[in-house]
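Here is a walk through one protein chain, region by region. Keep the structure open and follow along.

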Amino acid sequence: MSPAAFQRIGLVAHPRRELGGVVATVRGWAEGQDAELVQLVGGKGQQVAPPGEAAGCDLVIALGGDGTTLAALHAAAPAGTPVLGIACGSLGALTAVTADRAEAALDRVAAGAWTPRRLPAIALERDGSTRMAINDAVLVRAGGGQVIVEIDVDGERVARYAGDGVICATPLGSTAYTLAAGGPMLAPGAEGLVLTPLAPHGGVISPLVTAPGSRVGVRFDPGPGGARVELDGQVGDELEPLAPVAFALAWVPAYVTLISLGDDESLFAGLRRRRIVVDSPRVLARDEREADARS
């Protein structure tokens, strides 16, 4: 990217983590750029700067973890503003740098020494209203009793089942809730949506990966206990009991821009470091035996 001059920088802050040091670093760097620093409205974070809108920002900085970076991406998406994730804790899948390296990272951004990481999203449409998710959109029961889910792809029925609900995820989201629910993990570069049933009761209902251009329909019967919609882990609409609703889901390419500094940890290395993906005990025991034999 080309070197950039910044006039206004937006912040999204984690609500609880200690941010004093990194905020001071960002504030001092912004003053050196002669840039105004604002905190994007609508978030639940600590108040670390005067409130402002993403529409007038040249850069958005997330101070926290992956959840904070997701919130920043949602705030920045309508304006097309790039987001830099600064990890205030352990490095995640969306943060580019740890807080102790924030100033050097910001200098690289100003010098244009970064590349855009375009992330897709899911468009979830219901009754003419569209909501967006970057990781996953979840339709899940809210009370006792099962819900009934009917899935079709490009107008053709795939499955109907009773259970707890369904997760629809992007490739990025496939390593989050989807993976925990037994769904497939999509490698970097894969495209399409992943649909993973939640606790299906009977039948043969395997997770499904769709093509990026497919149109996915979900007819959802909340059952007697009601249900809810969760978008990127945030509770959205509550669905009334015994009132079936229809959703249309679509793949949206390059919906948001995340800043990559070129030395980001790979997806698989990050999953292994955080022990989300772990080798089997039998293999680890063999490694130990071989190491003992060599010593």
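Phe 6 has a relative accessibility of 6%, so Phe 6 counts as buried. Keep in mind that this is a predicted model. Trp 29 also stands at 6% relative accessibility and counts as buried. How many aromatic pairs does the structure hold? There is one aromatic pair. Phe 6 and Trp 29 form that pair: their ring centres are 5.7 Å apart and their planes meet at 55°, so the pair is tilted. The cut-offs explain the label, because planes under 30 degrees apart count as stacked and those over 60 as edge-to-face. Phe 6 sits in the segment before β1 (8-13), and Trp 29 belongs to helix α1 (residues 20-32), so the pair ties together parts 23 residues apart in sequence.

Turn now to the sheet. Six strands make up an open sheet, with antiparallel pairing. Their order is β14-β13-β12-β9-β16-β17. Which strands are at the edges? They are β14 and β17, each of which pairs on one side only.

Start with β9 (residues 136-141). Five bridges join β9 to β16, and the two run antiparallel. Within this pairing, Leu 139 has Val 229 of β16 as its bridge partner. Next comes the step from β16 (residues 227-231) to β17 (residues 234-239). These two strands pair in the antiparallel sense over four bridges. Ala 227 has its bridge partner in β17, namely Leu 239.

Most residues other than glycine have a negative phi. Ala 199 is not a glycine, yet its phi is positive, at about 45°. Ala 199 is found in the loop between β13 (194-198) and β14 (208-209). Its relative accessibility is 48%, so Ala 199 counts as partly exposed. Ala 254 also has a positive phi, near 50°. Ala 254 lies in strand β18. Is Ala 254 buried or partly exposed? With a relative accessible area of 49%, Ala 254 is partly exposed.

Ala 199 is among the residues in contact with Gly 163 once neighbours within four places in sequence are left aside. Gly 163 lies in strand β11 (residues 156-163). Gly 163 has a relative accessible area of 0% and is buried. Pro 200 is 37 residues away from Gly 163 along the chain, but their C-alpha atoms are separated by 4.3 Å.

Which elements each supply at least two residues of the lining? They are β7 (115-126), β18 (245-260) and α5 (267-273). What classes of residue make up the lining? The lining of the second largest pocket has 16 nonpolar, nine charged and eight polar residues.

Notes:
Residues numbered from 1 in each chain as written. Predicted model: local features only at pLDDT ≥ 70, side-chain atom pairs only at ≥ 80, totals over all residues. Heavy atoms only, no water. Nonpolar A, V, L, I, M, F, W, Y, C, P; charged D, E, K, R; others polar. Pairing = 2+ DSSP bridges. Phe/Tyr/Trp six-rings, centres within 6.5 Å; stacked < 30°, edge-to-face > 60°. Buried < 20%, exposed > 50% of the residue type's maximum accessible area, 1.4 Å probe, protein only. Contact = heavy atoms within 4.5 Å.
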